[in-house]
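Please look at the model on the screen while I go through its contacts.

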Protein chains: 2
Amino acid sequence: MKKRILISDIAKSLGVSVTTVSFILNGKAKEKRISEGLTKRVLDYVKKVGYKPNQLAQSLRTGQSKILGLIVEDISNPFFSNVAKYIERIAYDNGYHIIYCSMDNDVTKAKELIQLFYDRQVDGYIITPPEGLEETVANLIKNNVPVVLFDRYIPNLETNYVVLDNFNGAFTATKHLLENPSNKRVGFVSLFSNQTQMRDRLEGYMKAIDDFQQQAYIKKIKIDEDEASSIEQLHEFIASNKLDAVLFATNYLAIHGLKAIKEYKMKLPHMVAYDDHTLFSLYEPGISVVTQDTATIANELIHTLLNEIKGKNKELQKITIPSELLVRGSSVISEEALEQTS
Amino acid sequence: MKKRILISDIAKSLGVSVTTVSFILNGKAKEKRISEGLTKRVLDYVKKVGYKPNQLAQSLRTGQSKILGLIVEDISNPFFSNVAKYIERIAYDNGYHIIYCSMDNDVTKAKELIQLFYDRQVDGYIITPPEGLEETVANLIKNNVPVVLFDRYIPNLETNYVVLDNFNGAFTATKHLLENPSNKRVGFVSLFSNQTQMRDRLEGYMKAIDDFQQQAYIKKIKIDEDEASSIEQLHEFIASNKLDAVLFATNYLAIHGLKAIKEYKMKLPHMVAYDDHTLFSLYEPGISVVTQDTATIANELIHTLLNEIKGKNKELQKITIPSELLVRGSSVISEEALEQTS
DNA sequence: AAATCAATTTAAACCCTTTTAGCAAATTAT
DNA sequence: ATAATTTGCTAAAAGGGTTTAAATTGATTT
């Protein structure tokens with residue numbers, strides 16, 4: 001923690017030039033034909049005094065900041081904070097840092113953040129794009145800035161992305177609900193949003209509904225609706241349609257749903273939420289979810305980005321990760337439900 | 001997004017020197033007695049072309065990175081991610097960026113992170129110190145690095161910190177539980193940890209127990225215990241002592257407790273958790289919590305740190321934020337509980 | 001008219017690396 | 001024995017700003 005030691009100090013102490021030390025430190029000893037003896041001597045000394053290059057100077061010179069920008073919808077959503085946690089870890093293991101931000105589905109904020117990151121010369125971006133960010137992202141791509149989209153992609157824009165198999169996730173979930181003979185009326189709660197993940201989840205729901213030749217009950221909530229109003233609307237939706245089951249397109253919509261149920265003492269025998277949450281595993285009755293391995297997602301994201309930065313991606317990576325339906329509490333719950341109704 | 005414009009470009013275009021532009025941009029026009037006319041001309045032009053100084057070059061020269069390091073216990077814990085979200089926002093509004101990390105209560109990792117941040121020349125630190133970090137933090141202080149501790153502090157070390165009134169929080173919570181005449185046996189679940197927040201919560205619990213002249217039931221869990229074992233131990237603790245109520249010292253311990261209750265179909269009529277969680281508000285019966293305004297905490301933290309950086313703190317800031325007992329569901333629940341038991 | 005002074009502006013040093021271009025000595029080829 | 005390479009290393013420029021120390025200009029004094 002004492003006074004910072006510089007590369008010139010090393011050079012002086014060893015009686016060699018700064019250039020030589022730099023070459024050796026950057027693994028160019030062979031290439032620059034520096035003798036093995038000297039290489040070892042420098043390396044040993046550097047290790048002994050614990051010299052570390054000044055990142056800022058290094059970045060200024062190389063144009064590489066070794067910082068990655070992560071722009072997620074909302075870091076306080078456990079889905080995103082879990083992914084962030086893994087990304088952070090892998091990035092660090094690869095010598096990168098993460099600067100992260102929540103954009104709260106606000107295009108203006110997202111644009112500002114990207115500009116800010118750009119000014120900071122981050123080496124790459126992982127972005128969950130809100131609607132309206134198409135042009136900004138297109139611009140980044142055009143300028144050869146490494147970008148990976150996440151959770152949703154931008155149609156008609158050729159980018160790397162890592163998303164979930166939303167269609168099959170929603171399809172399987174809806175099918176699961178419909179297969180229960182007591183569920184005649186199965187609804188779907190989503191957002192007013194044309195983002196791909198929402199579109200695909202809707203399509204998955206519709207496919208299942210059509211397969212079972214049932215009526216569709218679809219409710220969309222405004223993306224920036226305040227919680228109280230959202231709860232109010234969900235109450236109305238569930239109660240007036242006398243729904244037996246609902247598929248919620250996001251975890252917080254499902255939470256609003258639960259709050260509505262609690263507040264208005266409604267019955268909603270079955271539901272499936274999108275993206276898991278501690279709450280869902282402990283709630284009685286247990287709440288089934290469409291889930292996915294956040295570690296896998298983080299892995300794909302960060303590796304895609306790092307490869308892009310290193311120019312190792314021969315072609316665009318369009319990765320779809322299968323999602324899984326985690327059925328909860330059916331046995332326990334049906335017992336308990338029976339007990340309670342009896 | 002096009003090619004970056006430099007300060008030298010500005011100077012050339014305007015036919016003045018780089019120095020002059022720099023002075024004006026850094027608000028030293030008056031001090032350096034640069035004429036108002038020129039000042040305005042430069043400022044207008046800079047705005048017109050949208051010039052922004054290269055942060056790296058700036059940092060390299062001034063030694064200020066405008067980056068703050070935030071080291072929390074676990075970013076996926078909603079308490080921390082909420083505080084982080086606010087901190088992030090305020091920092092940005094003040095022209096600072098946040099680099100954050102979870103240290104997972106691992107001293108080695110925390111030390112590495114601090115070293116890493118130090119190498120990156122962050123301008124200040126917000127740290128939730130794990131046990132064993134005393135010396136490292138002391139070292140930072142000794143080197144005049146701006147530091148604010150958070151959630152817990154280090155006894156005998158003179159630092160800025162922002163913590164909660166853990167003693168009163170735990171005391172009030174325990175008192176609340178004891179005041180219910182049906183609660184004879186009130187336990188406390190905490191961690192094997194000498195961190196101040198845990199120590200104070202224990203003392204608050206003990207004070208209430210002593211005031212009511214009751215027996216104490218205290219269970220500590222290893223700080224890095226795996227979830228399954230933690231659940232197992234909590235089951236044993238609650239069941240064998242036939243506890244009527246439990247105060248949990250952290251939100252995840254309370255979650256483990258709930259899992260134990262669910263898994264082993266136990267009864268635990270009342271509980272209070274430390275740090276709120278969506279789960280606790282929706283669980284049936286609603287779970288009371290000791291909570292606090294994360295916005296206030298974040299505000300105090302970031303402003304203390306920024307003032308420290310600017311040298312505006314005349315003295316050390318030792319801030320204790322009052323915590324609040326949020327009693328949940330007592331009325332509704334007792335009704336429902338009655339219904340179920342009847 | 002020369003000297004002094006204040007008001008402006010600027011050249012150059014500095015922050016710390018990386019990297020280009022090149023030099024001197026040792027080898028090899030002719 | 002000399003020219004052509006190769007080997008081993010380095011001086012200096014570059015990267016993009018900030019800041020010190022000094023130069024320039026015009027006005028005022030002597």
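At DNA strand D, a phosphate oxygen lies 2.9 Å from a backbone N or O atom of Ser17(A). This is a predicted model, in which local features need pLDDT of at least 70, side-chain atom pairs count only at pLDDT 80 or more, and totals for chains, interfaces and linings use all residues. Residues are numbered from 1 along each chain as its sequence is written, chains are lettered from A and ligands numbered from 1 in the order in which they are written, and side-chain values use heavy atoms, with hydrogens and water left out.

Which residues come nearest to DNA strand D? Of the 31 around it (a heavy atom within 4 Å), they are Thr20(A), Ser35(A), Arg61(A), Tyr51(B) and Arg61(B). Helix 4 of chain B gives the most to this surface, with 5 residues; helices here are DSSP runs of H or I, at least four residues.

I turn now to the two protein chains. Their contact (heavy atoms within 4.5 Å) takes 58 residues from chain A and 58 residues from chain B. Between them there are 9 salt bridges, each a side-chain nitrogen of Lys or Arg within 4 Å of a carboxyl oxygen of Asp or Glu. Lys85(A) and Asp104(B) form a salt bridge at 3.9 Å, N to O.

Conventions
A polar contact is a pair of N or O atoms within 3.5 Å; within protein, one must be able to donate a hydrogen and the other to accept it, and residues adjacent in sequence count only if both atoms are side-chain atoms. Helices (H or I, at least four residues) and strands (E, at least two) are DSSP runs, numbered from the N terminus.
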